[in-house]
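Biologist: Can you walk me through this one? I have the sequence and the picture open.

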4 protein chains.
Amino acid sequence: MSIHVTIWNEFIHEKKDESVRRIYPNGIHNALKDQLSSESDFVIKTATLDQPEHGLTEEVINHTDVLLWWGHMAHGQVKDEIVNKIADRVRKGMGIILLHSAHASKLMKCLTGCTGSLSWREQNEKQILWNLKPNHPITKGIGEYIVLDKEETYGEPFGIPDPDECIFLSWFSGGNVFRSGWIKNVQNGKLFYFQPGHETFPSYMNPEVIKVIINAIRYLKPLNYIENVDSIWQKEPITS
Amino acid sequence: MSIHVTIWNEFIHEKKDESVRRIYPNGIHNALKDQLSSESDFVIKTATLDQPEHGLTEEVINHTDVLLWWGHMAHGQVKDEIVNKIADRVRKGMGIILLHSAHASKLMKCLTGCTGSLSWREQNEKQILWNLKPNHPITKGIGEYIVLDKEETYGEPFGIPDPDECIFLSWFSGGNVFRSGWIKNVQNGKLFYFQPGHETFPSYMNPEVIKVIINAIRYLKPLNYIENVDSIWQKEPITS
Amino acid sequence: MSIHVTIWNEFIHEKKDESVRRIYPNGIHNALKDQLSSESDFVIKTATLDQPEHGLTEEVINHTDVLLWWGHMAHGQVKDEIVNKIADRVRKGMGIILLHSAHASKLMKCLTGCTGSLSWREQNEKQILWNLKPNHPITKGIGEYIVLDKEETYGEPFGIPDPDECIFLSWFSGGNVFRSGWIKNVQNGKLFYFQPGHETFPSYMNPEVIKVIINAIRYLKPLNYIENVDSIWQKEPITS
Amino acid sequence: MSIHVTIWNEFIHEKKDESVRRIYPNGIHNALKDQLSSESDFVIKTATLDQPEHGLTEEVINHTDVLLWWGHMAHGQVKDEIVNKIADRVRKGMGIILLHSAHASKLMKCLTGCTGSLSWREQNEKQILWNLKPNHPITKGIGEYIVLDKEETYGEPFGIPDPDECIFLSWFSGGNVFRSGWIKNVQNGKLFYFQPGHETFPSYMNPEVIKVIINAIRYLKPLNYIENVDSIWQKEPITS
């Protein structure tokens with residue numbers, strides 16, 4: 001059975017900044033699409049900010065099982081109307097993966113009630129992601145830890161709700177720790193936040209990072225959609 | 001040390017509907033204020049929808065430690081701007097108690113990411129609230145259960161995030177169960193949802209219901225406010 | 001890929017009590033085995049208290065992916081040594097389903113630290129199990145609720161840890177509510193407690209109850225076993 | 001109102017090892033007692049392994065509100081009977097603080113169902129404990145983080161249940177991260193695990209470490225004891 005994956009990317013850094021373009025010449029969305037194309041059951045679309053409706057028409061949203069989201073500079077340009085449609089679909093069952101700087105996206109706030117605040121630093125620090133759940137579907141094939149030689153540093157306190165499942169905790173050489181991978185159930189859907197992926201480092205070329213994303217897509221795939229997320233008038237007692 | 005409590009009420013049913021006015025002649029907000037006035041350390045204000053800024057100016061919000069919220073018919077009339085100011089204050093540490101039909105308020109959605117959907121029925125059913133946490137500050141002085149002879153029936157599935165603490169589970173004579181009292185941490189603040197309080201029943205005259213609300217106010221009072229809930233540029237490693 | 005399921009039953013009521021034997025002539029374990037035999041990938045064994053090592057030799061335990069446990073009168077006769085071997089295997093990844101009166105088993109206490117205390121009553125009451133998680137693998141194919149016309153009443157407060165996932169909440173006609181289905185992660189394994197199944201009622205003939213058990217077996221199947229659950233001397237820093 | 005605190009220490013390292021004795025000449029228990037004596041409402045007792053019943057008679061246990069536990073070399077010498085009496089009291093409401101190497105104590109396993117396994121290294125590494133919950137009673141008066149210049153390194157994966165509240169995450173200079181401070185509710189009582197305190201470092205002289213312990217004692221103090229943690233025969237429906 002197919003999983004319909006939509007990869008959304010803001011797609012600005014890659015056009016503006018030569019150093020980013022060198023790593024992701026066709027954009028982060030296409031790099032991710034290439035990496036995920038190994039999975040024959042994934043039906044993959046991409047969408048970007050500059051497209052009409054940011055590439056996320058109702059048609060697209062309603063045929064997406066798991067949405068990946070990468071944004072950074074232009075969180076404020078994402079239309080509230082689109083955010084609300086996505087959030088509504090998550091509440092019905094769709095999975096959503098917020099990548100890296102999406103910690104500060106409108107979707108994070110809308111789906112968790114929190115700002116996703118953190119402390120950050122760009123100093124090419126080494127990162128080690130420790131695997132807290134070696135028997136979890138998301139860490140299938142991942143060992144004790146993943147090492148990224150250089151990443152942007154993100155640090156606690158992370159302004160998020162208490163996660164329902166905390167999967168990766170990270171160490172950064174400059175002294176910070178960070179909850180890098182965690183699940184929050186949002187009504188009938190699941191949100192997975194996964195921190196690696198600053199635009200100036202090739203983290204989405206890392207096979208272990210990709211393995212986590214592939215595993216997460218499978219884990220977040222809804223079994224079914226609960227179309228009604230409104231209150232219901234249950235006229236009669238159900239005891240008789 | 002004082003606790004600054006603000007009781008917000010939509011205050012419409014009481015003006016429109018004689019049967020409600022008979023129970024709450026001065027409005028639900030004033031009934032609650034009277035009940036809470038036993039607590040000498042509570043400094044209590046009230047506010048209503050029809051006041052300028054719904055009675056919730058920045059001055060008021062910024063001097064509130066715990067906000068009580070009762071709304072039903074007019075959720076849509078509450079201005080987004082006010083909702084956002086309240087949510088911002090909760091993220092910094094303020095406590096918020098969403099009462100009864102506030103399950104469907106803008107604040108529920110904004111603070112939890114979920115719709116608060118449920119099933120409901122008005123048939124004067126008996127309700128029993130079972131106390132799951134007999135050693136919790138919120139159930140101080142409460143026995144095994146609270147009985148309400150008549151309440152509006154609310155039933156699962158309740159469209160909420162997995163609670164951080166689940167305190168009351170309810171039984172309704174018509175066959176429904178409901179998570180009637182639970183805590184969700186929202187960044188630095190706490191949200192307590194508490195279900196009793198349909199406008200046509202005198203639940204806020206019930207001494208046990210009031211005891212729970214008083215206990216909850218004490219439990220939700222912030223120790224301090226974390227003023228910065230935005231991301232921070234931490235320029236230097238903190239290892240040296 | 002096969003799932004190795006072992007069904008353990010105390011197997012005393014069925015031999016002593018005619019009214020139980022009429023429902024489960026070959027014992028609860030064989031009734032469950034029959035019901036699960038629809039699943040072609042399940043490799044099913046049974047084991048009972050009166051067998052050597054209660055039928056749970058190391059060989060059997062080490063080839064079990066998910067263990068079902070039904071006990072009631074003879075919790076005290078289960079040898080600590082066997083309990084510890086089972087608990088050790090759960091910590092490494094095995095799934096365990098504690099059925100009905102196993103709330104008071106040695107395994108419950110050993111795996112959760114809690115006594116599993118509750119209140120109970122045998123009055124042929126009607127039970128309604130409400131489905132809190134309509135998009136969860138364990139509720140696949142289950143609607144809003146399951147009705148059991150007669151069951152033993154179990155009531156809160158239930159002396160358990162805060163569940164990691166709460167899936168079913170029950171209503172009993174006599175006024176009680178109960179957390180009837182929930183998951184607790186125990187190191188690398190998962191424990192599912194599922195309440196229906198008093199020996200004097202045919203609850204394990206109910207197709208929806210069986211569907212939940214089948215779903216739970218699939219959900220609890222470990223991806224892999226983490227053989228080392230002891231502390232490790234990590235001699236060298238892992239930064240170089 | 002007084003809080004009855006009992007500090008239990010294995011008290012072996014201090015007698016055997018000159019380097020430990022130099023730091024804690026009267027034992028870790030007395031060092032902690034001295035530090036906590038600033039709190040005028042704390043009524044403090046100490047107890048050690050070599051005393052009759054390890055100093056933990058029923059009289060002592062039944063008059064303890066919060067028990068602190070430090071053990072390392074001699075976990076196996078602690079009598080099961082005493083462990084069970086302590087665990088029983090925790091289930092009724094007593095608070096328990098497991099310090100440092102108590103991660104591998106019988107009490108950890110008995111109260112959580114998990115082994116408390118971890119990886120460790122003694123290389124005088126720097127530790128930074130990040131404060132995840134700046135508005136939590138346990139972190140009152142604590143800033144963004146606590147620095148310990150030298151501690152024993154403890155690392156994930158930590159073989160524990162998913163914490164109910166995760167309060168401190170640690171960074172160690174050798175590349176490890178660790179959940180250093182967390183709460184697990186055990187029926188009616190609370191367990192706080194707090195990692196600093198290797199016997200060869202003066203961590204219990206650190207004013208911030210002590211502040212956390214003092215705060216935790218206040219947070220864990222039970223409001224009341226639920227004497228019955230056994231199942232109850234509730235003979236009659238409670239609907240009438």
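This is a predicted model: local features need pLDDT of at least 70, side-chain atom pairs count only at pLDDT 80 or more; totals for chains, interfaces and linings use all residues.

Biologist: What confidence does the predictor give the complex?

Modeller: The ipTM is 0.96 and the pTM is 0.98. Within chain A, the pLDDT averages 97. In that chain, 100% of the residues score at least 70.

Biologist: OK. How many helices and strands does chain A have?

Modeller: Seven helices and ten strands. The radius of gyration of chain A is 18 Å, and the globule rule gives 18 Å for 240 residues, so the chain is as compact as a globular protein of that length.

Biologist: What box do its C-alpha atoms fill?

Modeller: Roughly 65 × 40 × 35 Å, taken along the principal axes.

Biologist: And how much of chain A is buried?

Modeller: Buried residues make up 55% of its 240 residues.

Biologist: How many residues touch across A and B?

Modeller: On chain A, 34 residues are in contact with 34 residues of chain B. On the chain A side, the elements giving two or more residues are α6 (106–112), β5 (119–131), β8 (177–186) and β10 (232–233). The largest share, four residues, comes from β5(A).

Biologist: What kinds of residues are on that side of chain A?

Modeller: The side that touches chain B has 13 nonpolar, 15 polar and six charged residues.

Biologist: Which strand of chain B does β5(A) join?

Modeller: Strand β10 of chain B, residues 232–233. Two bridges join the strands, and they run parallel. In one bridge, Ser119(A) has Ile232(B) as its partner.

Biologist: Now D and A. What rotation superposes chain D on chain A?

Modeller: A rotation of 180 degrees, with 0.0 Å of shift along its axis and an RMSD of 0.0 Å. That is the relation of a two-fold axis. The same surface serves both copies, with 100% of the contact residues of chain D recurring in chain A.

Biologist: How many residues are in contact there?

Modeller: 13 residues of chain D are in contact with 13 residues of chain A. On the chain D side, β5 (119–131) and β7 (165–172) are the elements that give two or more residues. The residues of that side divide into eight nonpolar, four polar and one charged.

Biologist: Let's go to chain C. How does β5 pair with β6 there?

Modeller: Eight bridges join β5 (residues 119–131) to β6 (residues 145–155) in chain C, and the strands run antiparallel. Arg121(C) has Thr153(C) as its bridge partner in β6(C).

Biologist: And which way does β7(C) run against β5(C), parallel or antiparallel?

Modeller: Antiparallel, with five bridges between them. There, Ile128(C) is partnered by Trp171(C).

Biologist: Which strand of chain D does β5(C) join?

Modeller: Strand β10 of chain D, residues 232–233. Two bridges join the strands, which run parallel. The partner of Trp120(C) in β10(D) is Trp233(D).

Biologist: Single residues next. Where is Gly197(C)?

Modeller: Gly197(C) is in the loop between β9 (189–194) and α7 (207–220) of chain C.

Biologist: Buried or exposed?

Modeller: Gly197(C) is buried, because 23 other C-beta atoms lie within 10 Å. Leaving aside neighbours within four places in sequence, its contacts are Trp70(C), Leu99(C), His100(C), Ser203(C) and Tyr204(C).

Biologist: How far is Gly197(C) from Ser40(C)?

Modeller: Their C-alpha atoms are separated by 24 Å. Along the chain, the two are 157 residues apart.

Biologist: Last one, Met1(B). Why does it count as exposed?

Modeller: Met1(B) has 5 C-beta neighbours inside 10 Å, so it counts as exposed. Met1(B) sits in the segment before β1 (3–9) of chain B. Its C-alpha atom is separated by 6.7 Å from that of Asp41(B), 40 residues apart along the chain.

How values were computed: Residues are numbered from 1 along each chain as its sequence is written. Chains are lettered from A and ligands numbered from 1 in the order in which they are written. Copies are superposed by least squares on the C-alpha atoms of residues with pLDDT of at least 70 in both. Two residues are in contact if their C-beta atoms, placed from the backbone, lie within 7 Å. Ala, Val, Leu, Ile, Met, Phe, Trp, Tyr, Cys and Pro count as nonpolar, Asp, Glu, Lys and Arg as charged, and the others, Gly among them, as polar. Two strands pair if DSSP finds at least two bridges between them. pLDDT is the predictor's confidence in each residue, from 0 to 100. The radius of gyration is taken over C-alpha atoms; the globule rule is 2.2 Å times the number of residues to the power 0.38. A residue is buried if 20 or more other C-beta atoms lie within 10 Å of its own, exposed if 12 or fewer, and partly exposed in between; C-beta atoms are placed from the backbone.
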